[in-house]
Each structure stands twice: as C-alpha cells, then as structure tokens.
Amino acid sequence: MKTSILLLALLLTIGTNGFSQGIEIGDKAPEFKTLADDGSTWDLNEYIGEKFIVVYFYPAAMTSGCTKQACTYRDFKTQINEANAIVVGISGDKVEGLQLFKKAHDLNFPLLSDESGEIATKYGVPLRDGGSITREINGQNFDLVRGKTASRWTFIINKKGDIVYKNTEVDVNNDTQEILDFIKNNS
C-alpha cells in the first residue's frame, strides 16, 4: 500500500513538473517577479495593461543562437515600439552573466534571471540542468553560470494579461518578425 501511494505521488509530481504543457493561448499569464540584468526587480504586473509583452525564454547567454535571437530583437527595437510592445528575455543565467551579455551585444531590452527555473516551470517551458561557459569579452575571460537551461519558447501577453501567442518551436532567424506580424495582425 505504501509503495502504491509513493508511486502515485511520484507520478503526480512528474506530471505537474516534468511533462506539463504549461499554459495555452487564452490562459492568464502566470505572474512573476525576478531580478533583471540591472539588479532591479522586474514585476510582470507592472507592465500588464500598457503594451503587448513579448516574453522569450532562451537557453544561455553568449551562445550563438541566443546571441542571434537577442541581437535581432535589439535591431528591431523601433518596430517593436511602433507595434506597442516590449520584449523581455528570460534565461537561467545569473544576473552577472546577463549584465555581460547585455553589454557585449549592446542589448536594449531587459534580460531576466530565472536561475531556479521557477518562471519557466510556470509557463510550461522544458528545463534541463544548468551549466557554465567561458567567454572572452574585451580580452578578459568570464565564466557565465546558469542554474537551469530553458528551452527556446516565445509568448506574447496582451494588455489584459492573457497569453495570445505561444511558439514552442522558435526559429532564431524569424522569431522577431513572427511576433511583429502577429501583433500587427491582432491589434
């Protein structure tokens, strides 16, 4: 009997944490507060009602695909503003790594730290173990450490706080254009 109860508890835990599909289009966006690259606390609730909020999860700062995706968001800042939207990038990187990433690539939007994977879990984004990488920036080596590694997923939250867009198969080359097209067609 005890074994059956333990097995059931384990299956319920896996079902809610490991294999959840998370939120769907039409659901309320899960609330979160976390540290931003500048050390401040970024609170989703402070932005609901103002603009569309593009929340994109990415695996690791200073890696090729993540850099390409972030730089494309940077380069489309004017079009994103014109679409009445803001962008935030979320990864399991420590704040110090996010600061280096932002500075190295002159990123012009908030990068948020989700070291524990709590935010990714709320959104149903699959997680793997964290890790670290060493990158040379201005002739100096830095270790960038992340607690968890999230899959690359993108969400859009409307002014009412609802999820209106979910992409679980993000193409770093087209992500920014896809979110812009979606917002323009659904404003």
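1. The largest cavity holds about 30 Å³ of space. A cavity is a set of points on a 1 Å grid over the protein atoms alone where a 1.4 Å probe fits but cannot get out; grid points are joined across faces, edges and corners, and the volume is the space filled by probe spheres set on the points. By this rule, one cavity of 30 Å³ or more is counted.

2. This is a predicted model, in which local features need pLDDT of at least 70 and side-chain atom pairs count only at pLDDT 80 or more, while totals for chains, interfaces and linings use all residues. Residues are numbered from 1 along each chain as its sequence is written, and side-chain values use heavy atoms, with hydrogens and water left out.

3. The lining of the largest cavity consists of Phe57, Ile90, Ser91, Gly92, Asp114, Ala120, Leu127, Lys148, Thr149 and Ala150, lining residues being those with an atom within 4 Å of a point. Two or more of these residues come from each of β4 (85–91) and β7 (140–150), and β7 gives the largest share, three residues. By class, the lining has five nonpolar, three polar and two charged residues. Here Ala, Val, Leu, Ile, Met, Phe, Trp, Tyr, Cys and Pro count as nonpolar, Asp, Glu, Lys and Arg as charged, and the others, Gly among them, as polar.

4. The protein chain has six helices and nine strands, taken as DSSP runs (helices H or I, at least four residues; strands E, at least two) and numbered from the N terminus. Of its 187 residues, 44% are buried, that is, under 20% relative accessible area with a 1.4 Å probe and protein chains only. Among contacts (heavy atoms within 4.5 Å) with a separation of 6 or more, 66% join residues 24 or more positions apart.

5. Helices α2 (residues 64–75) and α6 (residues 175–185) pack with their axes 9 Å apart and at an angle of about 45°. That makes α2 oblique to α6, since angles under 35 degrees count as roughly parallel, over 145 as roughly antiparallel, 65 to 115 as roughly perpendicular and the rest as oblique. Axes are lines fitted to C-alpha atoms, for helices over the stretch in contact, and angles run from 0 to 180 degrees between N-to-C directions.

6. Which residues meet where α2 and α6 pack? Gln69, Thr72 and Tyr73 in α2 meet Asp175, Thr176 and Ile179 in α6. Thr176 is buried, at 1% relative accessible area; beyond four places in sequence, Thr176 contacts Thr72, Tyr73, Phe76 and Ile80.

7. Thr67 also lies in α2 and is buried, with a relative accessible area of 14%. Apart from neighbours within four places in sequence, Thr67 is in contact with Met62, Phe101 and His105. Phe101 belongs to α4 (residues 95–104), where Val95, Gly97, Leu98 and Leu100 are buried as well as Phe101. The buried residues of α4 pack against β1, α2, β4, β5 (111–113), β6 (127–137) and β7. Asp106, which follows α4, has a positive phi near 50°.

8. Lys28 touches Lys160, Gly161, Asp162 and Ile163, leaving out residues up to four places away in sequence. The C-alpha atoms of Lys28 and Ile157 are 8.5 Å apart, although 129 residues separate the two in sequence.

Key. On a 1 Å grid over the protein atoms alone, a cavity is a set of points where a 1.4 Å probe fits but cannot get out, and a pocket is an open set with protein on both sides within 12 Å along at least five of seven lines; lining residues have an atom within 4 Å of a point. Buried means under 20% relative accessible area, exposed over 50%, partly exposed in between (1.4 Å probe, protein chains only).
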